[in-house]
Amino acid sequence: MNDERDDLLDQPIDILQTDAEGNVSRRDFLKGVGGGLASASVLAQGVTTLPVEALAESPAQGVKGKRISGMTQVTLNVNGKERAVEVEPRTTLLNTLRDKLDLTGAKKICDRGSCGGCTVMVDGKTVYSCMMLALDAVGKKITTVEGIGTPENLSPVQKAFIEHDALMCGFCTPGFVVSCTALLDKIPNPTLDDVKEACSGNICRCGTYPRVFEAAIAAAKLKGGA
Amino acid sequence: MKAFDYVNPTDVADTVAALTAAGKQGKVIAGGIDLLGELKDYIETPTTLVNLKNVAGLNQIAVNAKGITIGALVTLTEITQNPVIQKEYTALAEAAHSVATPQIRNVGTLGGNLCQRPRCWYYRDEAVVCLKKGGTKCYAVEGENQYHAILGGGPSYIIHPSDCAPALVALGATIEIAGAKGKRTVPAEKFFILPTDNVYKETVLAPGEIVTSVTIPTPAAGTRSTYVKVRHKESYDWALTGAAAVLTMTGNTIKDARIVLSGVAPIPWRSPEAEAVVKGKTYSDDLAIAAGKAALAKAKPMSKNAYKVPLAQNTVLIALKTAATGKA
Amino acid sequence: MTAWKKPEENRILGKRLPRLDAAIKVTGQAKYTYDINLPGLLYGRLISSPHAAATIKSIDTSVAEKMPGVKAVIMTAKPGDTVRFHGQELGALCAASSDLAEDALRAIKIEYQVLPHVVTEEAAMKPGAPQVLPDTPNVFGASVDDKGDVAAAFKDAAATVEGRYYMAVRTHACLETHGVTIRWDDDSHITCWASTQGVTGVQSDLQRTFNLPGENVKVITEVMGGGFGSKFGLGYEGRLCAQLAKQTKAPVKMMLTRAEDQLSAGNAPSAIGEVKMAADKEGKITAIEGRVYSSGGVGFGGVPFPYIYNNFGNIPNVKVRREQIKMNTSGARAWRAPGHPQGSWIMECALEDLAVKIGMDPLQMRIKNDGNKIRQKQWLEGAKLIGWERRNEKPGVGTLAGTGRFRRGIGCAASIWGGGGGGAGSECRVMIHKDGRVWVGIGVQDIGTGARTITRMIVAEELGLPMNAVQESIGKSELGPAAGSGGSQTSASISPVIKTAAEAAKSQLLEIVAAKKNLNVNDLDLLDGNVVVKSDASKNIAFKDACALMDKESLTGNGKFDRSLVQAGVAGAQFLEVEVDVLTGCVKVLKAVNVQDGGVILNPLTMESQMNGGVIQGLSTGLYEDRHMCSITGRMLNPNLEEYKIPGTKEMPEFIPMIYTYPEAKGVSGIAESTNIPTAPAIRNAILNATGAHVNEAPMTPARVLTALAEARKRGTNV
């Protein structure tokens with residue numbers, strides 16, 4: 001491995017935030033979309049809010065025994081944080097994460113549970129967040145790709161994906177990262193077939209599968225599995 | 001999805017009551033994989049969803065001397081990973097594992113797998129009012145029928161999409177149903193109904209009824225089972241054809257056999273004809289080929305699904321060989 | 001004159017460097033167009049036709065417009081208009097949430113007079129079939145090759161074959177659907193995040209549509225989720241999104257749903273080749289005769305044929321008629337080597353059948369007919385890597401095939417792409433700041449090929465700096481015009497401009513250093529983070545200190561396209577090993593050898609990824625992808641990712657990508673198209689080798705393979 005590559009892996013550069021002079025600035029589109037309630041209320045403008053049944057006083061208690069109708073405030077545990085958010089019964093977990101919490105790592109690709117782009121972990125298990133209602137995720141621990149690692153603090157799976165070029169356009173990548181992460185949590189030393197099985201619910205259109213396989217197995221070693 | 005109310009009962013009685021109150025506008029949701037797909041495509045537009053997941057006691061697997069009882073909320077992943085099911089009820093473990101993808105098996109339930117609606121691409125097309133949706137014709141008859149029924153079809157030619165269903169029918173399971181009038185139990189084989197009985201539904205469930213559990217009797221000594229699923233794509237696909245075979249063997253002799261096909265008919269298709277061919281005989285590949293032929297003898301393929309006849313014959317062969325010899 | 005350094009002299013170029021945007025992509029931080037959330041964002045949806053052919057009788061949007069959260073409805077269709085395919089765009093609306101937009105969509109009432117349609121090639125070609133377009137017959141656009149004496153050649157031939165080879169329509173199915181997020185910053189300024197293969201094209205479309213000066217339109221595509229040829233220009237959805245945003249004075253996100261994307265946002269034309277081919281006893285092709293049809297729906301198709309082994313006119317006797325077919329389906333768009341996978345399918349299948357007929361090794365027959373010198377060597381390299389000698393000597397008969405349920409075989413086919421040499425028109429600036437910062441800006445988008453990474457690599461190489469000393473900015477129209485990513489042209493179009501911009505910046509810096517330090521500029525170079533004084537290393541100056549010598553705050557080098565840095569036309573060869581389950585007709589590809597030339601290699605790591613991707617898309621074409629149309633309803637039956645089948649992890653073979661390099665390579669060339677062309681016929685030929693079954697229709701589904709196996713049995717093959 002040469003020096004440039006070491007530098008690159010040690011210091012991921014915030015590439016989306018440079019202006020024409022090379023100065024680093026915040027992403028302007030995040031302004032005012034800080035998260036949680038603030039963004040939800042901004043985005044819910046114009047939405048008729050129907051009466052809410054006795055959930056507001058203790059949203060974290062979950063939804064047991066209740067009839068829920070119209071826009072309702074609930075609390076979701078996402079990446080270790082309690083996030084209050086307004087949803088309708090029909091709002092999917094995916095739309096909630098993406099549109100209300102600005103957690104856009106999980107992608108909307110097929111929106112029918114066929115492609116894996118929206119994969120998140122719920123209580124440690126991979127699920128398609130497009131095929132789960134937000135209400136069904138109340139009281140559970142939701143982990144999105146953002147909760148697995150950050151550019152400054154990459155997880156072993158993420159590091160291995162970078163090093164093995166396990167992505168091209170990158171749109172399916174968060175889903176594969178979540179599937180591989182869940183796999184390594186369960187099987188520290190996976191075989192190639194284990195990786196194929198764990199990622200069999202994820203589709204890549206650019207064709208990076210072989211590199212994903214390499215990355216998942218390398219990640220196990222990075223994690224100290226082998 | 002059209003907006004709906006969401007009801008969260010915590011016991012079976014309240015669930016049934018909520019469903020009964022909602023009438024035709026009510027749907028029960030467990031894993032939700034199949035239902036949300038229907039809702040997103042506006043195939044169903046219920047005003048009330050009754051959540052089954054908070055109902056106590058439906059997510060257990062109980063084993064005793066008589067057999068195994070699997071709650072309706074047990075996920076396909078849990079079935080796949082259960083050592084008793086893997087060993088004693090192999091066909092079910094294999095069937096559950098063959099369903100869809102890890103993400104779907106992690107939330108998809110046994111009850112949901114049995115009650116899922118057809119995947120027919122006409123049925124799933126919002127703009128097509130087919131026979132099953134109150135229309136006057138089954139579009140598969142003159143249309144694109146490569147994935148449709150070759151047995152038991154008419155007037156609708158859907159195929160039943162479940163993989164667990166043929167395994168359960170083959171294993172002689174019974175299904176416990178709860179409704180406003182209390183509980184009833186039906187053999188898995190009688191749970192599924194042909195379009196000639198009722199074109200609008202695929203099971204005996206009456207409005208307000210739900211599946212609460214499935215019980216499989218302990219198999220006789222020497223019983224081996226398997227579920228073979230042929231699919232175009234190994235990663236996530238529906239069965240082109242499938243076969244569950246449950247054989248009770250003495251040495252190489254097949255004392256008893258139950259053979260149930262998937263991917264060929266509007267219900268899991270039990271084949272007494274194939275069973276008759278193998279019962280009491282010593283296993284050989286030729287015997288299995290003859291069984292496959294017998295199973296498909298009455299097949300009536302349409303314009304684009306004739307390939308399913310040899311394919312299903314061969315699927316029976318592979319299933320019998322696997323069950324009898326442990327090798328495919 | 002400029003030139004690429006020899007590979008061994010490079011410090012950065014030619015090295016296996018991971019892509020720069022990988023960290024933000026693997027952590028979910030990368031913001032794609034679909035991910036742009038803005039305060040007050042509205043969600044747009046298309047209104048489209050459920051019918052394949054119909055006249056609009058009436059349109060009523062009044063209910064929808066009054067619904068809660070609905071902000072605007074715009075119809076472009078009007079009563080009396082004719083719709084010509086399922087999914088044809090008629091209008092759009094926007095609302096405060098995606099759920100509310102969905103509600104509104106279903107409240108739009110449009111009445112139609114349904115008209116007869118044709119959605120299959122056979123139906124469209126029938127005499128008296130309903131005509132799809134008023135001014136074009138359903139079979140149109142004939143072009144003819146007619147040379148030599150075909151009849152005589154067939155009479156004299158050692159062997160002839162005749163076949164009908166078919167390839168289905170495929171949809172691009174980019175994972176990020178087509179779409180934009182648009183904000184009007186004021187009455188005359190637009191910011192547009194676009195999922196596009198051409199930032200510059202989207203900018204000029206917006207500019208033209210709204211009659212704005214170019215600088216008022218800012219288009220941003222820093223990352224995008226796949227295009228494959230289908231994402232050029234603003235598109236209907238982009239235009240309507242901009243109009244909705246203007247009307248509502250709010251930002252609008254308009255991403256197509258998966259179904260909409262499958263229905264109207266890109267497909268590759270079908271191909272039908274009814275061809276006859278002859279060869280002499282040496283295996284040289286002597287004559288081709290036939291008809292080739294392709295359908296691009298209401299748009300255009302076109303398949304090159306005769307292909308590859310014609311070597312620009314080598315085959316002496318040719319009589320081929322190519323025609324296109326109109327159908328009531330959405331218009332085709334370019335897809336990774338437009339028409340070529342189809343042309344390759346027809347040619348490579350027919351050639352294989354001819355080799356079998358003559359009893360000749362099909363690889364030897366290819367070598368005999370192949371006029372490409374590079375591929376002549378690649379055939380041998382690939383044969384070695386796959387172990388060509390293991391193949392069954394006769395179709396279906398051999399050790400590799402065996403006699404059991406699973407039969408193995410090996411097949412091959414040629415990669416070829418005449419383009420990939422890039423073109424002028426891209427601008428690039430490299431700035432060196434007084435404080436030592438280096439910045440490179442080029443408007444080009446990175447569609448997943450690694451354009452961003454090679455941009456920085458080229459500059460770091462030229463300036464003798466480590467990768468992290470350079471900061472690039474790409475994918476923004478404000479950085480100037482840049483090449484669209486199509487035809488394997490991106491790398492070749494941008495790399496000369498980036499290199500010459502870096503060279504210009506470098507020479508300015510060296511001039512300054514020479515002047516300030518009283519050194520001869522010809523004695524200076526940039527290397528390892530220093531200004532190197534070649535004659536006296538003790539006078540070397542650290543790069544940062546050299547920059548501090550500038551009087552101004554920064555200097556800028558501008559690039560220009562230089563054709564001597566690129567080359568067009570790449571060659572390759574693929575060899576695939578497959579296993580056929582003769583009981584089920586299921587085919588598994590076990591191994592894929594992909595030998596590919598790319599001229600001067602910039603980054604082998606990302607190039608290999610792209611090569612694997614080409615094979616995977618080819619495998620998908622060969623075995624899985626098929627747009628199913630219903631001849632009764634005229635509707636697409638599988639506008640999803642469930643019944644529109646794309647392979648997953650378990651369909652993947654072992655990949656052996658081999659980058660073929662040679663000292664004469666002087667220029668950069670794109671490889672995307674080439675790697676995608678031959679895979680499907682190579683699989684088909686491997687199936688033939690494994691089983692003796694000729695599967696002449698793609699995708700090669702279990703149904704088709706079972707049918708071909710049954711025919712092989714009838715011919716006496718033991719399979």
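Trainee: How many residues do chain C and chain A bring to their contact?

Mentor: This is a predicted model, where local features need pLDDT of at least 70, side-chain atom pairs count only at pLDDT 80 or more, and totals for chains, interfaces and linings use all residues. Residues are numbered from 1 along each chain as its sequence is written, chains are lettered from A and ligands numbered from 1 in the order written, and side-chain values use heavy atoms, without hydrogens and water. Contact means heavy atoms within 4.5 Å. On that rule chain A gives 77 residues and chain C gives 89.

Trainee: What area is buried between chain C and chain A?

Mentor: Buried area is the accessible area (1.4 Å probe) that the two parts lose on being put together, summed over both. Carbon and sulfur atoms give 57% of a total of about 7100 Å². In chain C, the residues that lose the most area to chain A, together 11% of what that side buries, are V26(C), L175(C) and T649(C).

Trainee: Which residue forms a salt bridge with R19(C)?

Mentor: A salt bridge here is a side-chain nitrogen of Lys or Arg within 4 Å of a carboxyl oxygen of Asp or Glu. The rule finds 8 across this interface of chain C and chain A. With its closest N and O atoms 2.6 Å apart, the partner of R19(C) is D165(A).

Trainee: Why is helix α5 of chain B largely enclosed by the rest of the structure?

Mentor: Helices are DSSP runs (H or I, at least four residues), numbered from the N terminus, and buried means under 20% relative accessible area (1.4 Å probe, protein chains only). L92(B) and A95(B) are among the buried residues of α5(B). The helix, residues 90-98, is largely enclosed because its buried residues number 7 of the 9.

Technical notes: Buried means under 20% relative accessible area, exposed over 50%, partly exposed in between (1.4 Å probe, protein chains only). Helices (H or I, at least four residues) and strands (E, at least two) are DSSP runs, numbered from the N terminus.
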